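Dear colleague,

I am handing over the structure below, and after it you will find what came out of going through it. Please read the notes with the model open beside them.

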Amino acid sequence: MAITQITVFLENKPGQLAAAVRRISGAGVNIRALSLADTKDFGLLRLIVDDVPTAKQVLSEHSIVLETPVIAARMDDEAGALSHILQLLETTEINVEYMYAFTGASAGSAYVVLRVDDSGKAEAALTGGGVTLLTDAEMKAIV
């Protein structure tokens, strides 16, 4: 049950990130999670948002925008929770290409977004190991 991540290519210069976020917020789109990585020439802004079509529309007017399926998993906000998830993936020889994590407003809740080399196999390994995976609708509802 993959969720949808938007990847935005931004020029690596002042104001580009602020402008992208302004476009999203101006369209009434809520950012649920984000990650920013850079190279010398450009940045990769990875976003989980509550309205993918609108975010893509406003961002694609100024940047290259891609949709990527990723896995979102709930974990306890405690030592060892992420290790358990990674162990399940390691055991089934799933490669993690990248990931980012965040905590929720509810006490004890944390989440990790994973891009892996085999989503179906990863989903089976995680759910088989007792990990709760989230849908786009559940990501939208996180408080």
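In strand 6, the residue that forms the bridge partner of A101 is V112; strands here are DSSP runs of E with at least two residues, numbered from the N terminus. Please keep in mind that this is a predicted model, in which local features need pLDDT of at least 70 and side-chain atom pairs count only at pLDDT 80 or more, while totals for chains, interfaces and linings use all residues. Residues are numbered from 1 along each chain as its sequence is written, and side-chain values use heavy atoms, with hydrogens and water left out.

Strand 5 (residues 96–103) runs antiparallel to strand 6 and is joined to it by seven bridges, where two strands pair if DSSP finds at least two bridges between them. The hairpin of these two strands has five residues between them, and G108 there takes a positive phi near 85°. Strand 6 also pairs with strand 4 (residues 64–76), in the antiparallel sense and over six bridges, with A72 standing opposite V113. Of the eight residues of strand 6 (residues 109–116), seven are buried, that is, under 20% relative accessible area with a 1.4 Å probe and protein chains only.

Q5 lies in strand 1 (residues 3–11), and it counts as buried because its relative accessibility is 0%. Leaving aside residues up to four places away in sequence, Q5 touches several residues, among them L66, Y100 and V113, contact meaning heavy atoms within 4.5 Å.

Kind regards

Technical notes. Buried means under 20% relative accessible area, exposed over 50%, partly exposed in between (1.4 Å probe, protein chains only). Helices (H or I, at least four residues) and strands (E, at least two) are DSSP runs, numbered from the N terminus.
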